[in-house]
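User: I am new to this structure. Please show it, and then let me ask about the labels one by one.

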Amino acid sequence: MKRIVIATQNKGKAKDFEALLAPLGYEVLTLLDVAQDMDVEETGVTFEENAILKAEAVSKELNIPVISDDSGLEVDALNGEPGVYSARYAGGEKSDNANIDKVLEKLTGVADNERTARFRCVLAVAAPGQQTQTFSGSCEGRILDTRRGENGFGYDPIFYVPSLEKAMAELLPHEKAAISHRGNALRELKQSMPNWLSEQN
Ligand SMILES: O=c1[nH]c(=O)c2ncn([C@@H]3O[C@H](COP(=O)(O)OP(=O)(O)OP(=O)(O)O)[C@@H](O)[C@H]3O)c2[nH]1
Ligand SMILES: [Mg+2]
């Protein structure tokens, strides 16, 4: 089986990438498998900057090609928050539950049709001696007022996907892969660099 390293510490992202890449014959490895102690500081103010920081640091350290993922939720009624700060929106230790509570609290009293939001994902592809490239994807939806579903990670339980009439966390992994920001970004990558994935081993 071919292997690909995703420069992430996030197990939820790893599962998303497995759903996307296993059908193409890849085993997905993450920093949790290959470089447990590598935690790249995300000092950028855009998804793109942070994705490039993570991919280049890890590719340089391990001397191999990697893909990184910087992503987050933008809620229109909150002027695009939590945005690039999605992972630690509630402050302190990373907590999906606390982050969801904060979004729900801030949206108290906001009507359904004003709860529009999107997930964004930027993937950066870095390889030794090559120019880093980025690809982006998004997924439009609405913020629910209570949690629904047990799958996925992050804000998935409160993100409603109108086209499927389900919360993201109610989707099976392959269903999320078909419509998600991460899936859309990976499809962009595949389209622009059709040989890159097949050259990995
Ligand atoms: O419900 C969700 N479904 C998703 O599909 C999704 N994708 C991103 N997010 C949120 O955005 C943060 C990323 O921040 P982020 O890109 O810095 O990643 P991270 O810090 O979790 O891991 P790493 O890849 O940096 O190691 C995550 O923690 C989540 O809160 C998502 N939430
Ligand atoms: Mg991060």
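This is a predicted model: local features need pLDDT of at least 70, side-chain atom pairs count only at pLDDT 80 or more; totals for chains, interfaces and linings use all residues.

User: How confident is the predictor in the chain?

Analyst: The average pLDDT is 96. That score is the predictor's confidence in each residue, from 0 to 100. Of the residues, 100% score at least 70. The ipTM is 0.98 and the pTM 0.97.

User: Where does D70 sit, and what does D70 touch?

Analyst: D70 lies in strand β3, residues 66–75. Strands (E, at least two residues) and helices (H or I, at least four) are DSSP runs, numbered from the N terminus. Setting aside residues up to four places away in sequence, D70 touches F47, N50, A51, K54 and V122. Contact means that the C-beta atoms of two residues, placed from the backbone, lie within 7 Å.

User: Which residues carry the feature "binding site"?

Analyst: UniProt, in an unreviewed entry, places that feature at E41 and D70. They are spread over 30 residues of sequence, yet they cluster in space, with a largest C-alpha distance of 12.1 Å. UniProt positions follow the numbering used here, feature names are shortened, and annotations may be inferred rather than shown by experiment.

User: What makes E41 buried or exposed?

Analyst: E41 has 9 C-beta neighbours inside 10 Å, so E41 counts as exposed. Its place is the loop between α2 (31–34) and α3 (47–62).

User: Why does N99 count as buried?

Analyst: N99 has 22 C-beta neighbours inside 10 Å, so the label is buried. N99 is in helix α4, residues 96–106. Beyond four places in sequence, N99 is in contact with P82, Y89, A90 and Y155.

User: How many residues surround ligand 1?

Analyst: Ligand 1 is surrounded by 22 residues, and the closest are T8, N10, S86, A87 and G154. A residue is near a molecule if its C-beta atom, placed from the backbone, lies within 6 Å of it. β3 gives the most to this shell, with 5 residues.

Notes: Residues are numbered from 1 along each chain as its sequence is written. Chains are lettered from A and ligands numbered from 1 in the order in which they are written. A residue is buried if 20 or more other C-beta atoms lie within 10 Å of its own, exposed if 12 or fewer, and partly exposed in between; C-beta atoms are placed from the backbone.
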